Amino acid sequence: MRKLVAGNWKMNGLRVEGAALARDIAARAKAAPPVAEIVLCPPATLLVPVGEAIAGSGVALGAQDCHPEGKGAHTGDISAPMLKDAGCSYVIVGHSERRQDHNEGDAVVRAKAAAAVAAGLCAIVCVGETAAERDSGRTEAVVVRQLRGSLPPKLTAGQLVVAYEPVWAIGSGKTPTPHDVAAVHGRIRDALRELAAESAAVRILYGGSVKPANARALLSIADVDGALVGGASLVVADFWAIARGCG
Ligand code: PEP
């Protein structure tokens, strides 16, 4: 399967710099098409200008969150059909920063993923353990519990991407050992056999302090089908080096 490298810009970027970053990625993708599929997930204010900047480059557009309902009285929220209308083909749901900052539990994440799929988007569903959960030996149990709670039933590979992001690895410069990444991704693949359709083809991304220096090693681990990249996605040369690390 084709690997996927998604850049999560989080709450970063004003119009001029965001469009410039997207244009630079698009130009590189056109000049030397990467082996991996690339998705840029800018903040909502930049979806349209980034979409315009990457048009025709093969780079896809994604959002960072959506509301579970299609429309209505939800001040400040953005629905999945709105994201589709803005040119998105992906949306991240259940990122640990949303789970923590907005108290989002598995049921809300599942509703968001279902809304995304109903709108024709592919949901990138994030799971991952905290440092305390890892230290007490509960990593795999936590991840499987989150998957069971967060995934709508029987999604296909075109509707679902899973991102394994240990909370303690995000933005910290720390990563699990290759052995640990392989174990968790293998466990996720097992769980997908009961939870998803086309389970072997659903891509499982690793996220958490992916950098050019560790990308190739992480991306060559079995069942690591790409990367969800935060901080390094804001630096063109780094993000590009990570995307090239898939080849
Ligand atoms: C993320 O938050 O999705 C992420 C992976 O961040 P970073 O790459 O900065 O650790």
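**Entry 1, the ligand.** I began at Gly171, where a backbone N or O atom lies 2.7 Å from an oxygen atom of the ligand. I note here that the model is predicted. I then looked up two further contacts of this kind. The side chain of His95 has an N or O atom 2.8 Å from an oxygen atom of the ligand. At Gly230 a polar backbone atom is 2.8 Å from an oxygen atom of the ligand. On its own the ligand has 290 Å² of accessible area, and the protein covers 97% of that.

Which residues come nearest to the ligand? Of the 15 residues around the ligand, they are Lys10, His95, Glu165, Gly171 and Ser209. I sorted the shell by class and wrote down 8 polar, 4 nonpolar and 3 charged residues.

Next I went through helix 9, which runs over residues 212-219. I listed Asn214, Ala215, Leu218 and Leu219 as the buried residues of this helix. Why do they lie on the same side of helix 9? They do so because they cover an arc of only 125° around the axis. On the other side of helix 9 I found Ala213, Arg216 and Ala217, which are exposed.

I also looked up what the buried side packs against.

Is Tyr164 buried or exposed? Its relative accessibility is 0%, so I count Tyr164 as buried, the cut-off being under 20%. The side chain of Tyr164 makes a polar contact of 2.9 Å with the side chain of Glu129.

I left aside the neighbours of Tyr164 within four places in sequence and looked up its other contacts, among them Val127, Gly128, Arg134, Leu205 and Tyr206. Val184 is also in contact with Tyr164. Those two are 20 residues apart in sequence, and their C-alpha atoms are 8.1 Å apart in space.

I found Ser79 in the loop between strand 3 (60-63) and helix 3 (80-85). Ser79 counts as buried because its relative accessibility is 4%. A polar atom of the Ser79 side chain lies 2.8 Å from the backbone oxygen of Gly70. Leaving aside neighbours within four places in sequence, Ser79 is in contact with Gly70 and also with Cys66, His67, Glu69 and Lys71.

Most residues other than glycine have a negative phi. Phi of Asn103 is near 55°, a positive value in a residue other than glycine. Phi of Asp223 is near 70°, again positive and again not in a glycine.

Where do these two residues lie? Asn103 is in the loop between helix 4 (96-101) and helix 5 (106-118). Asp223 is in the loop between helix 9 and strand 8. I then checked how exposed they are. Asn103 has 70% relative accessibility and so counts as exposed.

Technical notes: Residues numbered from 1 in each chain as written. Predicted model: local features only at pLDDT ≥ 70, side-chain atom pairs only at ≥ 80, totals over all residues. Heavy atoms only, no water. Buried < 20%, exposed > 50% of the residue type's maximum accessible area, 1.4 Å probe, protein only. Helix = DSSP H or I, 4+ residues; strand = E, 2+ residues; numbered from the N terminus. Arc of directions from axis to C-beta. Near = heavy atom within 4 Å. Polar contact = N/O pair within 3.5 Å; in protein donor to acceptor, adjacent residues only side chain to side chain. Areas by Shrake-Rupley, 256 points an atom, 1.4 Å probe, with all protein chains shown as cover. Nonpolar A, V, L, I, M, F, W, Y, C, P; charged D, E, K, R; others polar. Contact = heavy atoms within 4.5 Å.
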